[in-house]
Amino acid sequence: MNGNEPRGHDIGPKEIKEGWGWLGIEPAELITLNKFGNLIFKDRMGKYWRICPEELSCESIAQSEQEYSGIWQDEEFLRDWQMAALVVAAEKKLGVQSANRCFCLKLPRVGDAERAEQRGGLIIV
């Protein structure tokens, strides 16, 4: 999986709107979800958005289908999307997960830097 294929999940426009509708976005279609629960969706205006739960962010990433196709050619975007080093560490610690499960990052307590490697967890989507 290069990160551009959809994973099995129970997330759709309704669930996205419940969590992020306060931004005024009208989700139309979930496009893809990565192994850490980041997701890309298209809104009713044809604009593409990325939700990064670990950053508590939802940002526009493309204004059109053509622009969206182009982001998959951007090495920096791919590296950020695939989160390869984190996926390897998480799979080593927690195992390979089924398509309806994602890893998640947990913030360590202040002053608990030596436990940063224990930040991984699982969520069901």
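A residue is called buried when its relative accessible area is under 20%, exposed when that area is over 50%, and partly exposed in between, as judged with a 1.4 Å probe and protein chains only. The structure is a predicted model, in which local features need pLDDT of at least 70 and side-chain atom pairs count only at pLDDT 80 or more, while totals for chains, interfaces and linings use all residues. Residues are numbered from 1 along each chain as its sequence is written, and side-chain values use heavy atoms, with hydrogens and water left out.

The chain has 125 residues, of which 34% count as buried. Its secondary structure comprises four helices and six strands, where helices (H or I, at least four residues) and strands (E, at least two) are DSSP runs numbered from the N terminus. The order of these elements from the N terminus is α-β-β-β-β-α-α-α-β-β. Among contacts with a separation of 6 or more, 41% join residues 24 or more positions apart; a contact here means heavy atoms within 4.5 Å.

The hairpin of β1 and β2 has five residues between the strands, and G37 in its turn shows a positive phi of about 80°. Four residues separate β2 and β3 in their hairpin, where G46 has a positive phi near 90°. Four of the five residues of β2 are buried.

Eight aromatic pairs are present in the structure. Rings of Phe, Tyr and Trp (its six-membered ring) pair if their centres lie within 6.5 Å; planes under 30 degrees apart count as stacked, over 60 as edge-to-face and the rest as tilted. The pair of F41 and W49 is stacked, because the ring centres are 6.4 Å apart and the planes meet at 10°. Both of these residues are buried. By contrast, W72 and F77 form an edge-to-face pair, with 5.1 Å between centres and 85° between planes. W72 has a relative accessibility of 9% and therefore counts as buried, as does F77 at 13%. These two residues belong to a cluster linked by ring pairs, which also includes Y48, Y68 and W81.

Helix α3 spans residues 75–82, and at its start a side-chain oxygen of D74 reaches to within 2.8 Å of the backbone nitrogen of E76. After α3 comes M83, which has a positive phi near 50°.

A disulfide is a covalent bond between the sulfur atoms of two cysteines. With a cut-off of 2.5 Å between cysteine sulfur atoms, zero disulfides are found in the whole structure. C58 is in no disulfide, as its nearest cysteine sulfur, in C52, is 8.9 Å away. C58 has 12% relative accessibility and so counts as buried. The sulfur of C102 lies 9.1 Å from the closest cysteine sulfur, that of C104, which is too far for a bond. C102 is also buried, because its relative accessibility is 0%.

Notes: Polar contact = N/O pair within 3.5 Å; in protein donor to acceptor, adjacent residues only side chain to side chain. Pairing = 2+ DSSP bridges.
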